[in-house]
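I opened my notebook to record what I looked up in this structure.

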Amino acid sequence: MERELLAQGSLDLLQTHPLNITDRLPPEVLSHIFQLVVVGSSGIWRQEWVGLLVSVSRRWRDIIYNCASFWTTVVVHGSRSLPSVNAHLTRSRNCLLDIEIRSFRENELPRLRHCLTLMIVHVRRWRSLELCAEGKAMQLSLDVLSTMTFPSLIRASIQSRRRQHRTPSLCFLNPEQSPLLGHLEIEGFVWDDVPLLPTLATLKSKDMRCFSSSIPPFLSQLSSMKITVLSIGETLSTCRLLSDSLHLPLLERLTLDRTWKPKEILEAIVAPKLEYFEYSARMHDLVSVIFGSLGSKYSNVRQLTFHLDHRVVPHLDHVDAEAVCLAFSGIRHATIWPAELECFFLFIDDSCPADHWTSLEHLTINTGDIGAESSAVLNAFVHWINRRVGERHRLHVKFMGTFADQSLFHLLDGIQRERCTLEMGSLNFG
């Protein structure tokens with residue numbers, strides 16, 4: 001919130017007084033304002049805003065050109081000219097660099113090779129690498145990178161837009177060539193081709209493949225790594241994980257995003273420090289089967305995000321929700337979507353699955369439509385809040401969705417305020 005206010009205030013200042021008040025500010029103050037605008041509320045560097053700011057006046061251009069921090073993010077793509085890449089690298093001086101390589105078509109491979117040649121000269125300054133390509137562009141990039149050493153690289157994201165065949169070029173992701181690498185995001189490769197990385201703390205994978213019946217070396221060695229954040233998305237595996245076979249003593253955050261064999265993964269992982277769990281179902285996932293046999297294994301989890309894509313998993317019933325709530329009975333923060341309200345909060349025999357969340361402090365109802373058919377669900381939700389007894393904490397509920405009409409919103413007036421604080425993140429009516 002503070003970042004959003006600063007960014008918006010800085011942008012308002014520049015738009016309202018572009019060439020009078022702002023030109024009387026010292027260069028270091030104006031430079032800081034520019035950086036707030038370029039980063040924006042999202043916290044993501046937007047290089048296109050640099051181009052807009054330098055076009056306003058000569059003074060603004062000189063301030064930006066002489067401030068190396070504006071030139072540490074180097075984005076190359078098929079239409080980026082080589083002189084502009086070279087000028088960008090020169091203006092960054094000796095600062096650490098964030099390299100992004102994107103979208104080169106096959107007829108642009110010579111340009112990609114020249115861009116890589118320019119950037120490799122500064123490889124000792126690479127702090128992060130984002131490589132998003134396919135086919136020959138991906139292979140060319142990996143072939144060049146495989147011969148380099150990256151002494152400052154702490155973060156890498158390698159995303160193949162087309163599933164790769166087995167390629168040894170990922171070998172640069174090893175302790176000798178990338179000794180400081182702690183954050184890896186990888187998509188569209190084969191697990192057998194990922195080298196062991198003992199320094200890794202964050203691993204986010206998507207659309208990975210494992211075709212052998214035995215566990216690949218990388219996955220089998222997860223227990224020896226310092227993994228604190230693990231995300232597995234849409235991964236296909238034919239290997240079998242044994243119960244309690246993956247000991248991750250430092251793991252704090254786990255995300256399973258439409259991956260195969262989620263039950264097997266949850267049964268295999270032993271994570272005593274796990275605080276956060278996020279689950280998105282894939283087609284044909286049997287939620288009650290996945291979570292029903294976990295017992296108290298994950299009762300230490302304090303934050304849960306649970307989401308079903310109802311285009312592929314059309315229905316979640318009372319038994320499914322009961323299994324989830326029992327498996328994560330110790331949570332204090334929960335995030336669900338409007339479509340899941342019914343299964344968690346509708347009463348059967350004077351109880352509902354959410355009754356197991358006795359330590360719940362914060363509940364977020366995420367973005368989605370709350371339609372006219374939701375009146376019974378909202379009434380049940382209000383009833384659940386008002387009948388909570390013995391809980392030590394006042395519940396904070398945040399709605400991010402869109403209400404079909406105001407009458408549905410006013411159903412929430414029945415909440416007893418001494419039991420609940422209600423927050424509307426983005427109050428909209430359909």
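**Entry: a histidine and its helix**

I looked up H88 and found it buried, with a relative accessible area of 1% (buried means under 20%, exposed over 50% and partly exposed in between, with a 1.4 Å probe and protein chains only). The model is a predicted one, in which local features need pLDDT of at least 70 and side-chain atom pairs count only at pLDDT 80 or more, while totals for chains, interfaces and linings use all residues. Residues are numbered from 1 along each chain as its sequence is written, and side-chain values use heavy atoms, with hydrogens and water left out.

I then noted that H88 lies in helix 5 (helices are DSSP runs of H or I with at least four residues, strands are runs of E with at least two, and both are numbered from the N terminus). Leaving aside neighbours within four places in sequence, H88 is in contact with Q47, W71, T72, T73, V74 and R80, where contact means heavy atoms within 4.5 Å.

**Entry: two packed helices**

I looked up helix 5 (residues 82-91) against helix 6 (residues 109-120), and they pack at an angle of about 15° with their axes 10 Å apart (axes are lines fitted to C-alpha atoms over the stretch in contact, and angles run from 0 to 180 degrees between N-to-C directions). The contact is made by L82, V85, N86 and L89 of helix 5 and by R111, H114, C115, L118 and M119 of helix 6.

**Entry: the whole chain**

I finally noted that the protein chain has 14 helices and 21 strands, and that 47% of its 430 residues count as buried.
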